[in-house]
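Here is a short report on a single protein model. Please read it with the sequence and the 3D view open.

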Amino acid sequence: MKVHPLADRVLLRRIEEEEQVRGGIIIPDTAKEKPLEAEVIGVGPGKLTDRGKRTPVAVETGSRVLIGQYAGTEVEIDGEEYVIVQEEDVLGILESK
């Protein structure tokens with residue numbers, strides 16, 4: 001199934017951090033914080049202005065971004081977990097050196 005975000009919305013997949021257990025303590029999944037880093041899976045065409053023109057979204061498919069911990073709406077598509085956020089919920093774009 002394909003999903004095409006509308007307006008200035010962005011479809012993201014959270015990137016799970018590698019789990020490191022110290023001292024033999026295992027933290028259950030329900031107690032873990034949601035990852036703040038995500039990969040852009042799809043981007044909408046942009047927000048429509050009052051004059052009928054589209055403002056393009058600043059992120060591109062394949063980019064890595066930072067989002068707020070409780071940002072967006074979580075959805076499950078074909079067994080995978082995704083988050084749909086508005087462009088303003090994206091805090092920044094990550095670039096590798």
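## Salt bridges

A salt bridge here is a side-chain nitrogen of Lys or Arg within 4 Å of a carboxyl oxygen of Asp or Glu. The model is a predicted one: local features need pLDDT of at least 70, side-chain atom pairs count only at pLDDT 80 or more, and totals for chains, interfaces and linings use all residues. Residues are numbered from 1 along each chain as its sequence is written, and side-chain values use heavy atoms, with hydrogens and water left out.

The whole structure holds three salt bridges. Arg13, Glu39 and Glu80 are linked in a network of them. In one link, Glu39 pairs with Arg13, and the closest N and O atoms are 3.5 Å apart. Glu39 sits in strand β2 and Arg13 in strand β1, so this pair ties together parts that are 26 residues apart in sequence. Strands (E, at least two residues) and helices (H or I, at least four) are DSSP runs, numbered from the N terminus. In another link, Arg13 meets Glu80 at 3.6 Å, N to O. Glu80 belongs to strand β7 and Arg13 to strand β1, so the pair joins parts 67 residues apart in sequence.

How exposed are these side chains? Buried means under 20% relative accessible area, exposed means over 50%, and partly exposed lies in between (1.4 Å probe, protein chains only). Glu39 is partly exposed, at 28%. Arg13 is partly exposed, with a relative accessible area of 28%. Glu80 is partly exposed too, at 35%.

## The Glu37–Arg64 pair

Glu37 and Arg64 also form a salt bridge, at 2.2 Å from N to O. Glu37 lies in strand β2 and Arg64 in strand β5, so the pair ties together parts 27 residues apart in sequence. Glu37 is partly exposed, with a relative accessible area of 25%. Arg64 is partly exposed at 39%.

## The nonpolar core

In soluble globular proteins, nonpolar side chains tend to be buried together. A nonpolar core is a set of buried Ala, Val, Leu, Ile, Met, Phe, Trp, Tyr and Cys residues joined through side-chain atoms within 4.5 Å. The largest one here has twelve residues: Val10, Leu12, Ala38, Val40, Val57, Val59, Val65, Ile67, Ala71, Val83, Val85 and Val90.

Which residues does Leu12 touch? Contact means heavy atoms within 4.5 Å. Not counting residues up to four places away in sequence, Leu12 touches Ala38, Glu39, Val40, Ile41, Val65, Ile67, Tyr82, Val83 and Val85.

Leu36, Leu66, Leu91 and Leu94 make a nonpolar surface patch of about 340 Å². Patches are made of residues with over 30% relative accessible area and no salt bridge; like charges are joined within 9 Å, and nonpolar side chains (Val, Leu, Ile, Met, Phe, Trp, Tyr) within 5 Å. Accessible areas come from the Shrake-Rupley method with a 1.4 Å probe, and for residues only the protein chains shown count as cover. Leu66 lies in strand β5 (residues 64-67). Leu66 is partly exposed, with a relative accessible area of 33%.

## The segment before β1

Leu6 is in the segment before β1. Leu6 counts as exposed, at 62% relative accessibility. Leaving aside neighbours within four places in sequence, Leu6 is in contact with Gly44 and Pro45. Leu6 and Gly42 are 36 residues apart in sequence and 9.9 Å apart in space, C-alpha to C-alpha.

Asp8 is found in the segment before β1. Leaving aside neighbours within four places in sequence, the contacts of Asp8 are Gly46, Lys47, Val57, Val85, Gln86 and Glu87.

## Positive phi angles

Ala7 has a positive phi of about 50° although it is not a glycine. Ala7 is placed in the segment before β1. Ala7 is partly exposed, at 25% relative accessibility.

Asp78 has a phi near 50°, a positive value in a residue other than glycine. Asp78 lies in the loop between β6 (73-77) and β7. Asp78 counts as exposed, at 57% relative accessibility.
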